[in-house]
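Take a look at the chain below.

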Amino acid sequence: MRRVLVAVCLLALLGVASGGAIYKVFPAQMAKYGGLAFNFYRSFDAPKGTLVTEANPDYRATVQVTPSIAKPQAPVANADWPSYNRTLTSDRYSPLAQITTANAGQLEVLCTYDTSVFTVFETGLIMVEGALIGTTEFDIFSLDPATCTENWRTHEDIPPSILGVNRGAAYYEGMLYRGTQDGQVLAYDFKTGKRLWATTIADPKLGETVPAAPIAWEGMVYIGQAGGDYKGVKGRMYGLDAKTGKIVWEFYLVPYAKGDLVRGPLGKSPLTDATWNTGSGIPISGGATWTSTTLDPSTGSLYVPGGNPAPDFAVGVREGVARQAANLYSGSVVVLDAKTGDYRDNYDISPDDWHDWDVSNPPILVKTKGGKDLVVVAPKDGHVYGIDRSSGERLYRVPATRIENVDAPFVVGKPVRFCPGSVGGAEWNSPAYDPATNLVLVGEVDWCFAVTLQDTHELETAPMGSPWSGMSALNPFNDFGHPLEGDEDWHGWVYAIDADTGQSAWRAKLNYPVLSGMTPTAGGVVFFGDVDGNFYALNAATGEKLWGQHVGGGIGGGVITYTAGGNQKIAVAAGFTSPLWPTKVATAKVLVLGLSTAKAQ
């Protein structure tokens, strides 16, 4: 198997070396096997994972917090993980406390499910109704959450895509839902995996895909379409009928224009093209929604993270009339009426963006210990934002990774370096809120990139539906920038930030980026992993390392916790292999961790 993989990867490298000719004919296959080749080479002698925690000596909690729990607690009600971020409000906090700061050092890998495929494994696992659900690009599967035994696995025969990613499924009343890379939303029977309906919301011929994990609420499923880095693609959000797949509403996240395709009733919007001001050959593009969403059940408000404007790096061809609020609603959190799709509000996070800094994950809705009602956002720009939900006032914006040279304009003919690079910052997994400590916990990437700008003529003459980042690069793998000499090394951070003030309580520096979900629990422990495959349990209050082990491939997907067989488990999606990230080559796996039966008593 290894010899075959090496041979295929060498052929892929030859394809890249040939000036991209083979890539143009087989882009998805070249991206996959070229990525495997580069990853195999670059990670061959990757060092062991390291983690060093630094306490902030100046930190003073604004309110008294509950100390970490040391005594194991019996399983509690509501112990499943039924949605992408567990709750619809996306706080990712679990009330389980059988695994604590006292016994987390005794964790073990209890079972493993190997999908036997190489893929960009970013699935946000869910556990509901006694089954653990995950997805790959082509498959959706159901596992026994205690033994990793496969209940069923359904394969979809769809064309491959360049990134080949899927971020998970949603559950509602006996049905499961997922998006696909060929532009569909699919529904399945929860018990059998039989497909029940299919609805098209995107056009793959234009570069549009549906990789996001949907969420479901009161008879509806919510999901958007990706592809905002392609010329002419406009981001849209959809509300679908959960039973039939009928499109109940559609909302354009950048200005709708007469002649744009309408698939369902349009939600009301005040958006105009005044903040774009594009010229001939520069269609309004971007704002796509490639990650999951957040919903407030008490108000019926849907919080949608908006992607980058396009062309990503060429801000000069899309300068809005009002530069302080350019290219709306890209780079914003848009609040919609979940039942009608009508506009309610927006929080402008990355105005005038030219670094590909999307609002890259679902915001979290937080009621702090100090009584504040916040939207907390961690986009790709490397900061954490605390925003008053009612007034829209920004209460804090604090860095959570290295920030360098971010005001420098990009130019034609010369690379310009900036940190964080176009991969972020924070990526597709949300931060978490721990109510016991009043801390927001976020994983970050520390990796600098450089971009060389295309000239305006190249942007204007590019065909509709073609990749349109604005980066001048012969190598198609560098379309979103690349590290310069000296920046090949990368790092990661976990920051713990006071939800009321934004002040850092502690931070942990890792020698690998942190892309996984952050999962704090009532046991005082926070779980997460890095892209090398190191999985960690830390004391959520102090950042002290309680347990760490290499579990195989890179961790870029969900980290969840639940109860099965009377004991608390942790499930991890490992085997993240992407052409954009130099990770170890490994098949996608689901690992279930916990305490042995004797230790759990």
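**The cavity**

The largest cavity is lined by Ala426, Glu427, Trp428, Asn429, Ser430, Pro431, Val442, Gly443, Val514, Leu515, Ser516 and Met518. This is a predicted model, where local features need pLDDT of at least 70, side-chain atom pairs count only at pLDDT 80 or more, and totals for chains, interfaces and linings use all residues. Residues are numbered from 1 along each chain as its sequence is written, and side-chain values use heavy atoms, with hydrogens and water left out.

A cavity is a set of points, on a 1 Å grid over the protein atoms alone, where a 1.4 Å probe fits but cannot get out; lining residues have an atom within 4 Å of a point. A search of the whole structure finds one cavity of 30 Å³ or more. The volume of the largest cavity is about 50 Å³, counted as the space filled by probe spheres set on the points. Its lining has seven nonpolar, four polar and one charged residues. Here Ala, Val, Leu, Ile, Met, Phe, Trp, Tyr, Cys and Pro count as nonpolar, Asp, Glu, Lys and Arg as charged, and the others, Gly among them, as polar.

**Aromatic rings**

Rings of Phe, Tyr and Trp (its six-membered ring) pair if their centres lie within 6.5 Å; planes under 30 degrees apart are stacked, over 60 edge-to-face, and the rest tilted. The count comes to 20 aromatic pairs. Two edge-to-face pairs are shown here.

| Pair | Centre to centre | Angle between planes |
|---|---|---|
| Trp357 and Phe418 | 6.3 Å | 65° |
| Phe535 and Trp547 | 6.2 Å | 70° |

Trp357 lies in the loop between strand 22 (343-348) and strand 23 (364-367), and Phe418 in strand 27 (residues 416-418), 61 residues apart. Strands are DSSP runs (E, at least two residues), numbered from the N terminus. Trp357 counts as buried because its relative accessibility is 9%. Phe418 is also buried, at 0%. Buried means under 20% relative accessible area (1.4 Å probe, protein chains only). Phe535 and Trp547 are buried too.

Trp428, from the cavity lining, also belongs to one aromatic cluster with Trp447, Phe449, Trp490, Phe576 and Trp581.

**Charges over rings**

A charge sits over a ring if NZ of Lys or CZ of Arg is within 6 Å of the ring centre and within 35 degrees of the ring normal. Lys339 lies over the face of Trp217, at 5.0 Å from the ring centre. Arg236 lies over Tyr252, at 5.9 Å.

What does the side chain of Arg236 reach at 2.9 Å? It is the backbone oxygen of Lys234.

Terms used. 1 Å grid on protein atoms, 1.4 Å probe; cavity = no way out; pocket = protein on both sides within 12 Å on 5 of 7 lines; lining within 4 Å. Helix = DSSP H or I, 4+ residues; strand = E, 2+ residues; numbered from the N terminus. Buried < 20%, exposed > 50% of the residue type's maximum accessible area, 1.4 Å probe, protein only. Polar contact = N/O pair within 3.5 Å; in protein donor to acceptor, adjacent residues only side chain to side chain.
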